[in-house]
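Trainee: I would like to go through the helix packing and the cavities. Can you take my questions one at a time?

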Amino acid sequence: MSFFSGLFGDANQRYINKVQPLVEKINSLEKGFERFSDRELKGKTDEFKKRFEKGESLDDLLPESFAAIREAAKRTLNQRHFNVQLIGGIVLHQGKIAEMKTGEGKTLTSTLAVYLNALSGQGVHVITVNDYLSRRDTVWMGQIYNALGLTVGCINHDSSFIYDPTHVEKDHLRDIEGSFKVFHEFLRPVTRREAYEADITYGTNNEFGFDYLRDNMAYELRQMSQAKGHNFAIVDEVDSILIDEARTPLIISAPDTESGELYKIFARVVPNFREGEDYNVDEKLKAVTITDAGIDKVEKMLNLQNIYDHAGMRYVHHLEQALRAYVLFKKDRDYVVKNGEIIIVDEFTGRLMPGRRWSEGLHQAVEAKEGVKIEKESKTLATITFQNYFRMYKKLAGMTGTAATSSEEFHKVYNLDVIIVPTNKPMIRENLTDRIYKTVNAKWKAVVEEIKERHFKGQPVLVGTVSIEKNELLSAMLKREGIPHNVLNAKNHESEGQMHAQAGKLGQVTVATNMAGRGVDILLGGNPPSPESAEKVKELGGLHVIGTERHEARRIDNQLRGRSGRQGDPGSSQFFISLDDDVIRIFGGERIKNMMETFGFPEDQPLEHGLVSRAIEQAQTKIEGHHFDARRYVLEFDNVMNKHRETIYNLRREALLSDSLKEKILGYFNEFYQEENTTERYEEKEKEAGFENMRKLERFVLLRVIDELWVDHLEAMDYLRNSVNLRAYGQRDPLVEYRIEGQGMFEQLLKSIKYQVVNMIFKVGIAPSVSQPQPVAVKNSQEKEIGRNDPCWCGSGKKYKKCHGK
């Protein structure tokens, strides 16, 4: 690569050089914008909007709009966009990914592209990784947009807000602490639709996705929240959202009537199994398979002749899920038990994920294993992957500190190019060579010693762990050594912003899971910083970051390193690794282990060599490639479903937006019946019901039929997907088989919709209300269930127990 870079020049640098004249143009406007009064500055927004309406493009408006937002930031936030932030803003406006190192001010950078694109009046969505950050950024950046006359909305899991600028008494404090503290006084509760109707809307990827699915289950236009559609989105921490979470689909479901007794039975059976004898584990694939001996053991224990014949394979399904729950899913690593519930822990961020459930009965199997209440299995009502949701936007952009290692996936899946934005000041952080120990115990002892040594010098230390379990283990060891420290994990993340902001204080020790790497800026000397403390910390070498294990993705490691050395500050980072760590053990640890034993390394003596670190990074590259293939495979299957989804949702939208569906329904009649008096019968029905009521009836019947048959189609396609994999044994491509059979099933679905509408339209009377209750949104088969006495999700007006809950 270096040869070609030398020959043709670096493509990234060519891009930076190309946009430099734009940066100079923005800078040349700065003096002129400084002379505007606040009122004149605010008036520029209306001027830009009028020019856009008259035919000027957003590119034409870019220099002046960037100069306006920079001036507004100086007056409200007391922060001025650096030249590199202007470059970042141009990258985002052009629909690319800006890779900006930690501390370079991504949140402020985004305001440039957000403001410019909001001038179109079609809405801008800013996607954050959690509700806390969406509220923080609405309050923190809201003052800038408000100074220019734009409105800002915020959607959270159970609430939505609009930015309210009236609390001026808190303004000064917000400017100091706004980077880590949410000032709720500036958030006024509103309806979800009002939050979306704002010029700019902040929220998490889950909420945007679920609102889209809910909108496509609405029975009236007023129930739809995403009124402006999908114009432009900027995804913060884009690698976390578009890559790490890409394999997890968004699912809205309702409870099915499956009994939980079988889960309890098999939860008692699987602890009697022995690995290697009754089952085998493939740690690379995270899969577990039952052997013939294991099947024989179950049949004896349950007194069954043939488990595969019994209850139509249900027993085998429950057995497999119980075994997966017992062997692969560990408490305080993959989930926690809180208030009698199983709550999933995000493997990438370490956060608790309330509301998410594993699908296909796995969550129930974990509940049975831990002895908590088993919730019912669910029936999917609507589903979409993040990949297909975000590809609906007319323009998509993203920002993160770590995108370059995944640039191929961003380009192939989302057609997004990655541009590495230069740092404002040179990076001087020292990345020390990995220390590799023979055993886990030796590694943890060395980590504690390193923390102790640096803490007594007064140097702040941030330690990253890969799970809650290991976080608490290290915390217990530090307590025994008498080292005061803060623990940040998904069990107490409510206060994480404030605690993290202080991780750069003199002598501070912070132990955190992977969430340490996302959305939080650590200033040397604390936040707000004291100049004397900051100087003292710099003399001691700045913030030292310790990684206690390599992650499967290099991006996550780089994100942790990036906590240190922001804005040209001194800092250092080092990873402590043992040969028993998962990434090393599964992907090539034997060679290193043999070498250490050959040379007679003592247990407590580390191996420090660049060759070993490079070997680990090669293993990580292989794992990343494996995960990319898995995500691409999921996407190829979901692309088939996406075509079906688009067609069905377009039909639903047409039914909601159309003044009359009479011609469409009469067209359906003509496909099935050649009766001459169809139109006459229809008009008689219309006369009997009344013109307005007939229009409501048409809409209700078509939407009701679509929804009922669509739910069945989702289930049928899920069964098809599981069954086609077996056809690979017959030398047939599962994806091709899925496409062909899925297309046949979809054509039958469309035919069934028309046929049922034709058969129902003359039989249905006018109900008092046809409004559609809102089902519960979930991630990966959430079952926060619809109560048996609640109105049924289908809009029939009946109670759930007397309709789909029978």
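The questions below concern a predicted model.

Trainee: Which residues in H26 and H28 make the contact?

Mentor: H26 gives Lys 662, Lys 664, Ile 665 and Tyr 668. H28 gives Arg 695, Glu 698 and Leu 702. That is three nonpolar, no polar and four charged residues. The crossing of H26 over H28 is left-handed.

Trainee: What makes H28 and H29 roughly antiparallel?

Mentor: The angle again. H28 and H29 cross at roughly 160°. Anything over 145 degrees counts as roughly antiparallel, so H28 and H29 qualify. Their axes come within 9 Å, and H28 passes H29 in a right-handed crossing.

Trainee: What is the class make-up of the contact of H28 with H29?

Mentor: It has 18 nonpolar, four polar and three charged residues.

Trainee: Why are H2 and H4 oblique to each other?

Mentor: H2 covers residues 11-34 and H4 covers residues 58-76. Their axes cross at roughly 55°. That value falls between the limits of 35 and 65 degrees, so H2 and H4 are oblique. The axes come within 8 Å, and the crossing is right-handed.

Trainee: How do you know that H2 and H4 meet?

Mentor: Contact here means heavy atoms within 4.5 Å. On the H2 side, the residues in contact include Leu 22, Ile 26, Leu 29 and Phe 33. On the H4 side, they include Leu 62, Phe 66, Ala 67 and Arg 70. The contact divides into nine nonpolar, one polar and eight charged residues.

Trainee: What makes a residue part of the lining of the second largest cavity?

Mentor: The residue needs an atom within 4 Å of a cavity point. Asn 216, Met 217, Leu 381, Tyr 649, Arg 652, Asp 707, Trp 710 and Val 711 line this cavity. Helices H25 and H28 each give two or more residues to the lining.

Notes:
Residues numbered from 1 in each chain as written. Predicted model: local features only at pLDDT ≥ 70, side-chain atom pairs only at ≥ 80, totals over all residues. Heavy atoms only, no water. Left-handed = near helix turned anticlockwise from the far one by under 90°. Helix = DSSP H or I, 4+ residues; strand = E, 2+ residues; numbered from the N terminus. Nonpolar A, V, L, I, M, F, W, Y, C, P; charged D, E, K, R; others polar. 1 Å grid on protein atoms, 1.4 Å probe; cavity = no way out; pocket = protein on both sides within 12 Å on 5 of 7 lines; lining within 4 Å. Axes fitted to C-alpha atoms, helices over the stretch in contact; angles between N-to-C directions. Parallel < 35°, antiparallel > 145°, perpendicular 65-115°, else oblique.
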